[in-house]
Amino acid sequence: MTTFRHQLVSPLQLAALAGAGMILLPLGYVTAQALSADPAVWSRLWTTRIPELLFNTVSLAASVAVITLALGVSTAWLITRVEFPGRRLWEGSLVLPLAMPTYVLAYVYSYLLGFGGPVEYLWQLVAGPQSRIFSPHSYWGATLVMALDTFPFVYLLSRSALLSMNVSFEEVARVSGVSRSSTFWRVTLPLMRPSIAAGVALVILYVVSDFGAVSMLRYQTLTYAVFQQMTGRSDNTAASILSLLLVVLALIFLITERWFRQRSRFYQTGGRYRSPERRRYGWFGTSIVTGYLGLIVSAAFALPALLLIQWSVSPEAQATLDSRFFGFFWNSGTLAACAATGGVLIGLPIAYLANRRPTLLNLGCLQAAYAGYVLPGPVAALAVLVLFTKLAPVFYGSVVILIVAYVIHFLPAGLQSLEPALQHMSPNLEEAARTLGLGMRDTWRRVTLPLVRNGFILAWVLMFLQTMKELPATLLLRPVGFDTLAIRVWMEASEEYYQLAAPSALLIVLLSLPALALLVSKDWRAA
Amino acid sequence: MPFVRSLSGLSHRTILSGFLLLFAAGLGFWSFVPSALAADPLTIYSGRSERLIKPVLDSFTANTGISVELLSSGTTELVNRLKAEGDRTPADLLITNDAGSLELARMAGLLYPLNMQEVEQAIPTQFRASDNAWIGLSGRFWVVVYNRTMVQPNQVKSLLDLADPKWKNKIAIPNSGSEYLQAGVSIIRATHGDEKTRQFLQGIKINADSQVYQKSSQIVDAVAKGQVALGIVNHYYVYRHLAVQPDAPIAVLIPDQQEGGMGAIMNVAGIGVVKSSKHLDSAKQLVEFLVAQAGQKLFADLDKEYPLRQDVKADPALVERNSFRAATIPLSKLAELREPTLVLIEQVGLR
Amino acid sequence: MQRKDHDPVTSEHSTARTPSQGSAFQGNLFTPASPILELRHVSCAYDAGRPAIQEISFAAREGEILCLLGPSGCGKTTVLRAIAGFEPVRSGQIFLSGQLVSSPDVMTPTENRRVGMVFQEYALFPHLRVQDNIAFGLHNLPRSERFERVQEMLRLTGLKGFERRYPHELSGGQQQRVALARALAQNPVVLLLDEPFSNLDPDMAGRMRQEVHDLLRRTKTTTVLVTHDHDEAFAVADRVAVLNQGRLEQFDTPEMMYHMPATPFVADFVGQADFIPGTVSRGMVHTEIGEFPDTLQCFDGAAVVVMIRPDDIHLVPTEGARSRVLTRQFRGSENLYTIQLPSGQIVHSSESSTSVYKEGTAVELRVSATHTVVFLNDQLTTPLSSPDGI
C-alpha cells in the first residue's frame, strides 16, 4: 500500500490556477495601465468623451431594457397563459432572434430604415412625401435593433418563471375575489420579478458590451469608443481608461443579474407543481395575438432572414462565392474549433475543482474565469494585446493571441454548460470508483469525463459558435490573411454593400440555429 | 438534443484525444503562421480599403508572378501593430492613405530608406520622405461633395463655411478616427491657428449631428440620395460613385480657392518598405511597379486619384489638376501636427 | 497490495466465526483474534472548532456485521467516509487488516484500501451496463476471470438476465443489488453500506434487508452499515454502535442495546421508553408505579429515573384505579396506550391488538421488568424530548 501526506498541489490544481491566471493577468494589465495613466489623460477624457459616452451607453441600455421588458413579458405571458392555434410554433420561433448577430440585424435595418429605404417609402405613402422616419443611425435605431435582438432573453426567463410558478398563488387571488387582470398585476408580475430582473440585467450586459450593432449604426457607446481609441490612437492609454470604466459598468450589471437570479430560485420553490390553465381565445383574440407575435418575429427574424436570402441569391453575391469565400469559412471554422477546444480544456479543471473542492482558492479561480463576462470584445482584445506585447511579443500577430482573446471572452459561456454537467454528477460516483480501486487519474478517465461528456460537447459547440460570430476582437487581432466570415460581413456591410455581405451573414445565422436549439433545450426542460 | 446523442456513439476517449490532437495541431501550426506565410508571398499591411488596393496588387501578381498577402485595416492600427511586432513582423510593406502616418512610421524607424533611381525620377520630392523611406503613390484632395438639387456651388467657398449654422443637419463628415480627417484638421490648424480650427470643428460637429460616417463612400451615397446636402470626402469617392451611377445628382467643389485662401487640402496615399522585410527584392519590385507608368495609370483609372507622376494623366472626368491650388503645408509636417490635432478633436468631442 | 486475493465464498481457511442469529448476544464474551477493522480514538472535523466525530473507537472482527446507528447529523456517515479514506482524520488511527491506513500523518488513498462501498443513492455508473458496473473494479483481472467473477456476482445477487441493462432501466431494489454486487466483486476487506435501504419503499426495504443479510453471511463479508433506523440495525447487525453528536454512546449487541442501554439517549433512540422518576432508599428505587432494585448503588435519597419499556407494562382495567388511558394507537400487531398516572406522569403500555380499552378507562399498572435500568436524574438531558409522548 502506498501512503502519502496530503498533496498540496495536484496537476489539476496547477491547470486551474494557470487558466485563471491567463484570464486575470490581461485584465490586471489593462487596469494597471489605466490607473497608472497620466492624470492629464484622465481629466481630458472626463471633460471630453466620458460624459457623452456614459450617457449614450446608459440611456441606450435603459431604453432597450424597457422595450425588451414589455416585449419579453407580454410574449411569455401569451405563450404560457393563452391557448390559441399555432401556439407551439410561436413558442419556439420567439427565440430565433438570438441566432442573429447584432451586426447582421443592424446592417439589415440600416438598409430597411435607411434614407430612401423600403420602410421610408411605405411611410411616405401613408404620411405624404418628404415625411421622414427616424434614422437607423441614431439612438432610436440602435435601441430598436438591440431590443429586437435581445428581448428573447427576457422572454425565456419570464417564460420559465411563468411555467414553474405555483398556480395556487393565482388561484388564491381569484378565490379572494380579485379580477383576472388585477391578479396579473398584483400577484403574477410580482412573483416573476426576480426572473424578469435577471433577464433585463442580462439584456443590459449584452447591450453594454455590444460592438457589432453600435459600430454598424455609428452610435457612440463605451465599447465602440474603446475600439475607436485602439484603432485611431498610437497609444492605448485612453482605450485602457475607457475599458476600465466599461468593465466597472458591466460588473455592476453582472452582480445585479446574479443577485436576482439567486432570488428567483428562492421565489420559485415551494408548493407542488401544477401546470397552469390556459385560456382559450376565439378567432378574434387569436388573430390579434397572432398578429402581434407575427409582427415581432418577422421584425426580429423572419424579415431580415428573407432579405439575407434574397441578397445572397443576387448575381453580385453569387459572384463572391469563390474559393476565397470558402477560405473565410475555413478560417472561421478552424479558429472557432481551436478556441472552443482551448476553452473546454481550460474550463474543465476550473469548473471541476470549484464544484468538487470548493476551497476559497478554487472558487476564486472560477470567479476569475467568469471575468470574461465583463470584458467586451474590444476590451478582451486590448487586454491580451497589452499583455502579449509586454510578456510574449513572439505571439503578436499570430493566431495564438486571437485564440487567447476568444477563450477569455467566451469561457463563461462554456462554463455555464460545464458546471451543471458536473453538479448533475454525484460526487459519490467518483468515490465509488475510488473504493473500486481506481486512482484519481483513472477515475477521471473512466468516470468523470464520460459522464460530463454531454456538457463538454455542449460547451464546445456554444463556444465554437460564439467565436464564429465574434467581431471586434477578430478585427483587432487577426493575423495576416485570416479574414473570417464575420469580418467579411462587417467590411462589406459597413460600406453598404448589402448584397456582398449577405452570404457570409446568412451562413453565420444558419450555423447559429443548431447552437440555439442546444442552448434553449436546456431551458425548455428545466421549466 | 439529437446532435449530442449522435455523438455519444463515439467513445469518449476518441473524442477527447481528437480534441487534444486538433488543439495541439492548431496551435503548433498557427503559432508560427506569420513566418510560415512570409516564406513566399509579400505581406502587405494596407490602410487603404481592400476594394481600392487589391485590383492594383492583383495586376502586380499577374505581371510578376509574386503573390501578395493582404491585411486591410485602419492605418494607425497597422502602424501600432508594426511597432508592437518589431523585427518579427511578417509585413514587408506598409500602404497607407495618409502621408502623416507614413512619416510617423518613418520616425519610429519602421521603414527602410529606398535608394532607387526609378522612384526619384518618377515622384516629385515633395511627395516623398526626405530619405525615401516612404513614397507617395497617388494624390487625393479633401473636397466638398454637394447635391446639385439642393445646393448652388457658389454657396460654399471654403471648408470653414460648412461650420455655418445654416447647414445644420445638412452635412456629412467622416469620423474622427479617419487619418485624412486628422490630416485635414492638421492643415487647417497650421493655416488658421487652433482657435479658428476649434470653432470650425464645433460648427461641423453640430451641423453633422449623427451624420458621421466611417467610410467616405457612405458620405457620397448620403449626398447622392439627398439625405444630406453636403459632405467632406476625398475626391475620388465622388468620381468612383459617378463612374457607377453617372446620373447621380452630385458634384465636386474644390474649396478654399478664393484670393488668399488656404488652398485645397492634399494628402497622398503612399508606400514604405518595412525595415525588417526579408523580401527586399520583391518589395522593391512592387514599389517600382507602382511608380512606373503602368502602375500609376492603374491608380488613375481604377481609383480616380491624381497620379503623382507628371507624365501620367488623371482621369478626364476629374477637375483638371492645374486649375486649382493646393495648400502649401509640406506633407512631412503632418506627423508633428498629429498629436495636438488629436487633442483638439477630442476636446471638441468630434465622434 | 499485500493481502492475497481469495474468494470469500470458497475459502475455508478463513478463521471467521459464522455466528448464528442467536449466538451474537454471547459473541462479545469471546476474545477475538486481531480485528479486520479497528478505529482508535478517531476524530474528524470539517472545521477545527466543531468536530464532526470525536474519539470514536471500535473494532470489527472478520465476518462481523457492524451497524452505526444514530440520528441524522450524528456523524455516522463521517465515520464511514473516514474508513473509506474520503475524510482525513484529525486525531486517532484507523487500521484495516492490521495496517495503519488513516492517522493525522498517514492517509492511504481510498483505492489502495480495498474497501467496498454501497452509497445511499447507489452511485451506479449511468454510462455503463450492469455487467460493466460490476466489472468496474476488476480491471486488473484477466478477461476470462473477470467474466467469471461477474457471472458469479450476478448469480449471487439474483441479477442473471439483467447484465446488459443500464442502471436507469432497473428498479430500486435491482439497482441496489448491482451496487452490492459491484462492491463485493473485488473481495473487499470491509464492506461499507451507507443507509442502503433508505431509498426503497418499506416493503422492498424489508425484503432487501433479509436478502442482503443472507448474502453477507454467505460471503462472510465484514460489513459496516450506517442507518438511522433501529429496527434495521437490530435485524441485520451482530453489534451496534450508537452515535450521538459525534460521540459513541454505546457499542454492543442489539439485545444488550435494547435491554441494557448505557445512556438515556440510547434507551430512547433504540425503542420507546418512559423514564419514571424515583428516589433511592435502602437499595431500592421507589417510584409511582412500584419499587425496583437500585442497580446504580446510590446513596439513600438520590433522585434517579427508571427506564421502562411499553412491553414491560401491563394494563388491568380496574374500577377506581387512579391511572387513566389517555389515547390508544392501533398498530396492527399491538395497541399502544398512553397512560396518565395520578401525578400527571405519562407512561406507555403495549397490549395485544385484541385488548381494546376506551379512552378514560381507569387502569392498574403491572410492571414486569426482568431487569431494571436506572439512570441518575441529571443524566436526563435535552435529547430526551421524547416527541412521541403524546
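1. Two residues count as being in contact here if their C-beta atoms, placed from the backbone, lie within 7 Å. By that criterion chain B and chain C of this predicted model do not touch, and the nearest C-alpha atoms of these two chains are 10 Å apart.

2. Two pairs of chains do touch, and of these 2 pairs the one formed by chains A and B has the most contacts. On one side of this pairing stand 47 residues of chain A, and on the other 49 residues of chain B.

3. The side of chain B that touches chain A draws at least two residues from each of several elements, including helix 1 (2–7), helix 3 (33–38), strand 2 (68–72), helix 5 (75–85), helix 10 (216–225) and helix 14 (334–348).

4. Where chain A meets chain C, 19 residues of chain A are in contact with 25 residues of chain C. On the chain A side, helix 19 (427–435) and helix 20 (440–469) each supply at least two residues, and helix 19 gives the most, with 6 residues. Sorted by class, that side of chain A holds 9 nonpolar, 8 polar and 2 charged residues.

5. Taken by itself, chain B has 351 residues, of which 52% are buried, and its secondary structure consists of 14 helices and 11 strands. Among the contacts in chain B with a separation of 6 or more, 78% are accounted for by residues 24 or more positions apart.

6. Which residues does C:I83 touch, not counting residues up to four places away in sequence? With that exclusion, C:I83 touches C:L37, C:I94, C:V115, C:V190, C:L192 and C:V224.

Technical notes
Residues are numbered from 1 along each chain as its sequence is written. Chains are lettered from A and ligands numbered from 1 in the order in which they are written. This is a predicted model: local features need pLDDT of at least 70, side-chain atom pairs count only at pLDDT 80 or more; totals for chains, interfaces and linings use all residues. Helices (H or I, at least four residues) and strands (E, at least two) are DSSP runs, numbered from the N terminus. Ala, Val, Leu, Ile, Met, Phe, Trp, Tyr, Cys and Pro count as nonpolar, Asp, Glu, Lys and Arg as charged, and the others, Gly among them, as polar. A residue is buried if 20 or more other C-beta atoms lie within 10 Å of its own, exposed if 12 or fewer, and partly exposed in between; C-beta atoms are placed from the backbone.
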